[in-house]
Amino acid sequence: MSTSNDSPDEPGTDDVLAELERRFAQRRGPSQAARGPPSGRSAYELAAAVLHVFDPKRLQPHGEPSTREDPFTALFDASVPAVGWRHQRLRSLRPEVRREALAQLGSRDAMRQALASNPDRTNTALQVLFERWVGGEPLELERLSHAQLECLRELYDWGIERFGPLPEREHFEAARVRRAALGMFEHLVDASFTGRETELQLLRDHVGVSSPSMWARLRRFLADGPRAPLVIWGPGGTGKTALIGRFLMDHLESARAAWFPFAYLAFDSDTLDVREPFTVLVAAASQLEAQLGGTEGASRGENDARRSLLEGAFTKFREEVENYRDARGLLRQRANIPEEEVWRLAGVSRAEYRFNVSFSQLLGDIAKVVGAEQEASQVPVLLVLDTFEEVLYRTNEELRGLWGMLETVQTGFPALRVVIASRTRPRAFSVGGRRPAEHELSDLEERDALSLLRHLRVDDDEVARAIFRQVGGNPLTLRLAARVAQDEAVGAEGIRQLRTRRYFFLDVAPELIRGQLYRRVLDHIHDEDVRALAHPGMVLRRVTADLIQDVLAPICGLRGVDGTRAEALFEQLGREHSLVSLEDDTSLRYREEVRRPLLELLARDKPEEVRAIHQAVVEYYRKRDLPDPVERAEELYHFLMQGTGIDPAYVERNLAGRWLPGVESRLSSALDEIPVEQRVLLARYMSIELPPQTYQLADLANWERLVGRKALNALRHEGPREVLQLLGARKERTPESPLYAIEARALLAMGRQTDAAALLSRALEGFPTVGNLGRLAELLWIQTRAMLSLDDFENAGVTLGRLEKLATTMRSPLTRVQALTELVALEDVGSKDGREAREALAAVLSKVSERDADKERSLIRLALTRLGADYPATLGRLLPLVVHDWMFMVSRGSIDVRPALREMELVLRERGEPWMLEVARYVRVGGQSAELSRRVAQEIVGRIGAPGSGPAEVEAAITLLRAENASLREANLAGIESYRESWELDAAPEVLS
């Protein structure tokens, strides 16, 4: 931070900060320093010191308060809003105030007396743990849950260890790290978890661990090489996540158990993108590092060598993450080394393969350390992929990258075990040629169901059996039935007026039974208005105060709901944690396991009311018309849910006009709700694997869009042969078909240039006079590539000329820049000297915006190189904008500048300027040193555009830029993004660059 002044009349940084602090101090009132050291905390602060949270208006003082003391004001200054309790207007003492007040109390006896001042205190989890400590109960780390350990972490900050024993901080941190991995499962795996012994053994067998009791004797993992993933699937409420949580807790929470590292990855997270499998590995590595204690201390042992191995392994993997991202960035450059295109269209790119291998090496090091600490070998590492239904809708080609990643990792680390949990059964797949083992999670057997009901306070065995006969053994349904049983009289016949097939001989699905139970639960919400909002308001997925006021209140018949009342209702609805969850944007979202059964009931019982709500929500969002993917996804969801029979052309127009990037991930979870007819239309905008007959029955234009998406993904993950197989399902094409370009690229990648040229000639002959200019330009560019690969330079020049002329009418200048850049090179090696094309290129480049230059840095850099040193003004304006990639590649050694430096040395020495003489001297030395050569090259190129740079620097920079050896021979055409459809733009950047 600079503390000096540039001018004696201007304040320095420190002066400004001092003035700000003075003003803040005035707003806070007299400082502690001004008042002098505290002689003692107030009676209200002493009372609040032993409370995690409190309401200033209701707090009773501990001792006699000062007659002049304003308790609300004093506590407001000494406290902050309590995290997680703001909705109840509760506050919590500032840490420094709490520590001083507890120090003044001085003992656990005094703290007990202070607690007695407020018998009606709020019993948060932290408060309960604190009072256990105040009462003298020892806090045993192995008996504390993850949530309790997090509370204990805050108690350390209260500074209470001097007044009574707490576990040693080092042991606490180790326990907290270990339990953190299981924290999310604790609320799912409570004392009521019962049964599932068959499934638990299935998981043990798959991972290769014995039961905890057997481990105490054998201490042996049973890893016998690679295994295909285990898929556990079943409808919502069967307890898939709870089952996995129970299994993990059995093997991690006990020191006697077979301990193995694991990562739990849920695909309903925004951080995971199945199209980019590296995001899965990065998230897994982050969890494993946290689970093993990271690099801050021993993972689970005290051996320095093991600890050092772990630190090095995670450090190396983080470096590989950066290397991978850098490599991906280089692969996306338009102008690149020709050989790179082969890897872009291969099954797995070189960068992806290396990254996956680096992760397998990380797992090997982890298993080595964990095995040494347990004196066991063949330690497995488990990856759990949960909520997999969130990505199952995607095309097979998009999922191929994930399966390929798992195969590579497991090849390098055979003890990798993968468990996939999904509501629906995944489509057929294989990893390393092995089909997954599948297990459908069915209902609980009667014995286990009755045990669960007893845990849920259904104590009468006859009533429990009646409930089981009524609703079956689905754990979630049983929990709902038990909750209803707490509020209603339930007899030997079970829950009264509950429609089931056993009583009415109707095929009532489990979802509908559950919906009836949820309706009973809603009926017991005390506030009548909140009850009305929840049902039928559950047609909505997302709720805000504005939606309550403008949509739900009128439809639900609530009167007098203004903004203030809507906010109050929103807050009350938010307290129904079993119904809603709070989103990051502070909206409420109905829980899917609650909402779906009720939605199905509503759709059957009140279809017109449901349709009216859908229409009202669509109108609400369209009036707002915000470019927000969250709101737009809700608008499109309700639009598509209005029912079947809507004109497909009308649906297509609405999707085309309202679609936004980012909508897809927010619609994916609702795909199985949306009618099939609308789903087919939606597949134009998002990746959806449709039944085979849908592809067969689709009209030609829609088939091209559906198969085109699959083909672009196959280009990346499978290869050109699979692309041609996909496209060969139909021979006919629409006049401006997007498949011509994809098929031609696949043919070129296979070395079938003649076939590609013939295909493109047919496509260009039949292209409509008034058609998609971007598609026409793309065909002309690929035709040029085909002709150049056949050494047909004359026709290539004619085609390029046609493309350049067409590009003058297109939206982006980048298309013309690319055509002219290649035309200059073609004319330079032909009979012309390229001067005409060079002049045209200079004119176009002079008008290229900074935004376009930044978008296509490698293309602009190559254009400047081919333009030459005769246009210093253009070079000086654009080169500083596009040179960063070149600098990076030079620094990494990807570009060898030494030959270029030797080439330009003579030119530099002929210049009389002192700076040029100095550079020439460095060039001579740098020719022997790669590092010095890189620094000299960066210095020379970096001066372009700077004051004082002249013709010598320009000529030197051009010579150095040519060392990149870039080419457009394998590139795709720039500047045509606005002519592409959304399904094309969803493809990986490497496929389009």
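## The second largest cavity

Let's start inside this predicted model: the second largest cavity has a volume of about 60 Å³. Here a cavity is a set of points on a 1 Å grid over the protein atoms alone where a 1.4 Å probe fits but cannot get out, and its volume is the space filled by probe spheres set on the points, which are joined across faces, edges and corners. The count comes to 5 cavities of 30 Å³ or more.

Helices are DSSP runs of H or I with at least four residues, numbered from the N terminus. By class, the lining has 5 nonpolar, no polar and 5 charged residues.

## Helix H44

After H44 comes Gly893, with a positive phi near 80°.

## The whole protein

The protein holds 50 helices and 10 strands, strands being E runs of at least two residues. Of its 993 residues, 53% are buried.

## Ground rules

Residues are numbered from 1 along each chain as its sequence is written, and side-chain values use heavy atoms, without hydrogens and water. Local features need pLDDT of at least 70 and side-chain atom pairs count only at pLDDT 80 or more, while totals for chains, interfaces and linings use all residues.

Methods:
1 Å grid on protein atoms, 1.4 Å probe; cavity = no way out; pocket = protein on both sides within 12 Å on 5 of 7 lines; lining within 4 Å. Nonpolar A, V, L, I, M, F, W, Y, C, P; charged D, E, K, R; others polar. Buried < 20%, exposed > 50% of the residue type's maximum accessible area, 1.4 Å probe, protein only.
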